[in-house]
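The report below is meant to be read with the sequence and the structure side by side. It begins with one residue and then widens to the elements around that residue.

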Amino acid sequence: MSRSSPHHPPMLRRELLRHALPATVRLIQANQADQALSGVIDDYLALQWLERGDQGLCLTDTGRAICQQAQRGRSATQQRRADRAQHSVAE
């Protein structure tokens, strides 16, 4: 993994990478990987969440699982926010 910045210790950096993975995958699928944050692709490769294949960058099995977890987590968070908003409107 590339060196963490002074602002992001290694574990925090990994969490940031986990949350950013779905967006990074969308950039890769749109052939815009160059728009990903600096060092992110290298970090994903080092973590073995992404690999270089014949067709370019692609998710590994581990990366696919982490991406799905991140998407589920985001969906659950969005649902809780919607529930809270609905509850506060009802009051």
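The model discussed here is a predicted one. Gln48 sits in the loop that runs between α2 and β1, and its phi is positive, about 65°, although Gln48 is not a glycine. A second residue with such a backbone angle is Asn31, which has a phi near 55°, a positive value in a residue other than glycine. Asn31 belongs to the loop between α1 and α2, and at 70% relative accessibility Asn31 is exposed.

Thr62 lies in α3, which covers residues 61-90, and its relative accessibility of 44% makes Thr62 partly exposed. The C-alpha atom of Thr62 is 9.2 Å from that of Leu47, with 15 residues separating the two along the chain.

Strand β1, residues 50-53, pairs with strand β2, residues 56-59, in the antiparallel sense over 4 bridges. The two strands form a hairpin with 2 residues between them, and Gly53 has Gly56 of β2 as its bridge partner.

How do the axes of helices α1 and α2 cross? The axes of α1, residues 10-29, and α2, residues 40-47, come within 10 Å and cross at roughly 105°. An angle from 65 to 115 degrees counts as roughly perpendicular, and therefore α1 and α2 are described as roughly perpendicular to each other. On the α1 side the contact is made by Arg13, Arg14, Leu17, Ala20, Leu21, Thr24 and Ile28, and on the α2 side by Val40, Ile41, Asp43, Tyr44 and Leu47. By class, the residues of this contact divide into 8 nonpolar, 1 polar and 3 charged.

Thr24, a residue of helix α1, deserves a separate look. Is Thr24 buried or exposed? Its relative accessible area is 6%, and Thr24 is therefore buried, since the cut-off for that class is under 20%. Leaving aside residues up to four places away in sequence, Thr24 touches Ala36, Val40, Ile41 and Tyr44. Ile41 is 17 residues from Thr24 along the chain, and the C-alpha atoms of the two are separated by 8.3 Å.

The relative accessible areas of the residues discussed above are collected here.

| Residue | Relative accessible area | Class |
|---|---|---|
| Thr24 | 6% | buried |
| Asn31 | 70% | exposed |
| Thr62 | 44% | partly exposed |

For the chain as a whole, buried residues make up 24% of the 91 residues. The accessible surface comes to about 6,700 Å², and carbon and sulfur atoms account for 49% of that surface. Of the contacts between residues at least 6 apart in sequence, 45% join residues that are at least 24 apart.

Definitions and conventions:
Residues numbered from 1 in each chain as written. Predicted model: local features only at pLDDT ≥ 70, side-chain atom pairs only at ≥ 80, totals over all residues. Heavy atoms only, no water. Buried < 20%, exposed > 50% of the residue type's maximum accessible area, 1.4 Å probe, protein only. Contact = heavy atoms within 4.5 Å. Areas by Shrake-Rupley, 256 points an atom, 1.4 Å probe, with all protein chains shown as cover. Axes fitted to C-alpha atoms, helices over the stretch in contact; angles between N-to-C directions. Parallel < 35°, antiparallel > 145°, perpendicular 65-115°, else oblique. Nonpolar A, V, L, I, M, F, W, Y, C, P; charged D, E, K, R; others polar. Pairing = 2+ DSSP bridges.
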